[in-house]
Amino acid sequence: MRKLYLTLFLTWTLRLLAVAAGAGDSLQVELATGNLNLDPGRVHNLIFKITNNSTQTETIRTTAVFPDGWKLAVPITQVTLSPGERKIELVSFNIPYRFQAGKSTVRVQFFRGQAEAAPFAEQIVEITVSEIENFTFELLQAPAFVRGGEVVTATYLLKNTGNSTRKFYLESTDCDVTSDSWVVLKSGESTTVQAEAKTDKMIAAARTLGITVQAALSEKVQKRVFHNVKVFPLREADADLFFRYPVTLSSRYLARGRDGKYSAGYQLEAAGSGAIDQKGNHRLAFMARGPNNYDLSFLGLYDQYYLAYSNKNLETFIGHKSFEFTPLIESTRFGTGVENTLILNNGSRFGFLYVEPRFFRDIKNEIAAYADVPVFRKNRIGAYFLTKKINPSQEDAYLASLSSTLKPFGKTSLELELSRGVFQEKSDNAFRAYLNSQFWIFSISGNYFYTGKFYPGYYSNSTFYSGYLNASLTKRISLGVSARQDFANAALDTLLSSAPYSRMVQGSLNYRASRNLDVRSYYIRYERKDRMPQKLFDYHTESFNLFLNHNFHKLGYQVGGELGKTRNNLVAAGVSDLQNSFRTNLNIYYRPSYLFNIQAFTSYTNMNSFIASNQKNWLWGVSAFGQVAKNLRTNFQVQNSYAIEDYYQNRNLFQLNLDYSFLKRHKISLNSFYTLFQNQTEKPDYSFSVTYSVEIGIPLKKTGEAGSVAGQLSGTDGLPLDGIMVFLNGRSAVTDANGLFRFRNVLPGRYHLMVDRSQFSIGEIINIPAPVTLDVTGNQETRINLALVQAARLQGKIVVRESAGPLSMMNQEPPRLGNIVMDLKDELETIRIITNPDGTFLFPTLRPGGWVLHVFKNNIDSQYHLAKEFFELKLLPGETEEVVVELLPKTRKIIFNTNTINVSSTSSRETPPTETAQPAESRGNQISRADKEIWFSVQVAAAFSPIAPGSHELKGETGVFEKKIDGRYKYFSGRFTGIKQARLERNRIREKIPGAFVVAFEGEHPVPLSEALKRSKP
């Protein structure tokens, strides 16, 4: 008995070893498929080479065991091999579209003959299922209109159509997503998303509110849905039959307190800007503000008076403003002056200006003239001349320059300016260049100024440069280099004070970890020097910096650090001027709604303590801004201190701004500040102001006479309805006993009429979609008759029908029938819903008439297609219509991928494969399949997954054959020996498929059309 057990053990061990080796004594099996990274939702093939090394004929039976959900596409056939013969065994199977990405195994066993004996060979094939990253995001329901003060609520459908569990990020513009901003969905799973937006109760005219919601998996895979909502006013403005010019009148009270002293003053302002004709061809702007209160407090404004007029060919200005010329000759010079510019129809500009500077006492006056003309496409050339009288010598300086704005390449712009100036018999030159360009992976931007020692322009005896070069190595990683040096001398207005001199160079490495997370590191060398006679700081720093920015939905933060060494140039003799320096900072921002933001920051550094001993190491601040109530906006900020380098400008330690709007055109503003003024480091001032402003319109022209709107409302029985509220934009009326309503004194224009539905019975609906659009004409009555009708109902269900065709997929997984989008349209409105989990759907209240039901196919399982995508319906009052939507399994053609191997029955040599697809029908001259013969066809479609015969993409074309080329399924019509026949076929197909085009093949391989035309027969 022991010998028997030992014999059985050795027999089964040897058999198992043979199976594991993949070969028997006389039969050998080898996997010939190379690429085992397979996409889900498609038919794939495993190719095995079977060699019969015996002296007798063998019949091989093959079986395969797949992971759950995988199905055979076609039955596996038996293979019969003669002695010495080699053949292939094809195992075709389908991977479900929603199958989880990752590694899976397929067990394939090979048996001799029909007997149920042990397999002589077994192959365990490890297959990697590729990840499909995709989703759908669509608007399900949102109002077409609301009334002012109502909340707009929109509902969206988000569905994961990929094959792995993914995390989606939701963000919005001009609205708030009320559901979670992060959504995790399994493959095939869907959810609804809601967003809300508030509307203004005080609007005086109809407005359009645009809301945008975006769902994203990554920066590359994201989808955005935009929707417009019409907002109608609750109360309409009084009838105004005049074209008016808008003017704002303001009265301001200002007060200042410092060291126990209090001062106050008043300021009045009138300003207007707008067209003075109905077509908008002529525009006028003016400002009158006084008296001058600039020295009263931080809130005080200087007095300003100006008048400006413009039309298509002329711009003229007289009064106070900042006059601009060229960056070299004169940059920003505030003063009293006059400017005129003539504009020709070709875009040429010729101008003249005269200005007396207000805040720069070294110049008495300036006179300038210029010409700027287009020369080629977007390129321009300009010539400029300026003379100015210099105080106190009262001598004139003369400056001239030539400039050009060039667009040499698509993403490259270049500005050049060359100038020469003369003053007191000394002359010198200046040069300016600006470059902005993008090419390949590089982005470059640079600015360079050079001004000679005796150049009498806005800058003199200075060199300034700034620029950066950035290289995007990958989608996530980029490198950058930047440098900057300030001007040494600048003839700045005293109003602007004097900014510190600085110079720096840095190199950076940027890494974008995700769409919401950025990491930046850089090495920097910089110096900063106070320009004032009594310097408060002068230092050099070399440091390494790390910066991180992370945001998610309503919350985000920025954190950074700097570590290096700083050399203080202001230390006393004998004291070490080199110290270790560091800085840390943290910024946090929170957006509770799209209308309001809160930010906070803090930083700690030891740098200020040894640059200026009276500076604080800790800096912190909080700010909040946005709309806190329907008519109230605020801007609040508090900060404990500032860095010493900022003392050249005004700094607010505390700031509060409140703007309250009322009575449509009236506003009260409260502004309060606790401010460190320019060149001061302590003893801040407290100041506040109260401003009242009102918008008025100066009548310029009577636009016409008022009209009226009247109508009648009747019920489903034809009898008049009384006591029903009717709205015309912001006005309302009530129907009388005869169902009549009327709106008098209506301005000419377009209006929207709505009816209050709260008093309607269930199942009743207005016979015209709301709101009804009306065009009102002066001195005429616009009539509209409305009636209630019994609403119709549309219900239905999505069902799955099995296809009897021989090419349908075998044993397909049942599709999910829920959350499929259904779109119902007539000539005036659209209604959209989603199906229930069991595939049923219902449109409960519909206006009788013609409708078209559209079933969205992108929410349907990719292994199925719609038997019918559109349904034309005629709904009768009170009728319930039923619709059955059929889903059919998609048919598949087996296409051998180019990584498979064909095996000859007479030789063991491996040969390259060929396409096996055959056209169902071909037009024109038929040709043989010669390997090197040139032939032509017409491409009609291409897709990443197969297109089922009869699909709407093919527009009824039946003579279409399929080829898989470069990983895509492409569809062609006809095989022609000459290009003329192919072009005739293309012209015919373009009547149905506009994008069809001619292609060329050599044998079964595509070749460029130009090459084929050279080699083909004439």
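How many aromatic pairs does the structure hold? In this predicted model, local features need pLDDT of at least 70 and side-chain atom pairs count only at pLDDT 80 or more, whereas totals for chains, interfaces and linings use all residues. Residues are numbered from 1 along each chain as its sequence is written, and side-chain values use heavy atoms, with hydrogens and water left out.

The structure holds 39 aromatic pairs, where rings of Phe, Tyr and Trp (its six-membered ring) pair if their centres lie within 6.5 Å, and planes under 30 degrees apart count as stacked, over 60 as edge-to-face and the rest as tilted. Tyr686 and Phe688 form a tilted pair, with 6.3 Å centre to centre and 35 degrees between the planes. Tyr686 is partly exposed at 38% relative accessibility, as is Phe688 with a relative accessible area of 23% (buried means under 20% relative accessible area, exposed over 50%, partly exposed in between; 1.4 Å probe, protein chains only). Phe841 and Phe843 form an edge-to-face pair at 6.4 Å centre to centre and 75 degrees between the planes, and both residues are buried. One aromatic cluster is formed by Phe449, Tyr458, Tyr459, Phe464 and Phe487.

Charges also sit over rings (NZ of Lys or CZ of Arg within 6 Å of the ring centre and within 35 degrees of the ring normal): the charged end of Arg333 lies over the ring of Phe360, 4.7 Å from its centre, and Arg289 lies over the face of Tyr302, at 5.6 Å from the ring centre.
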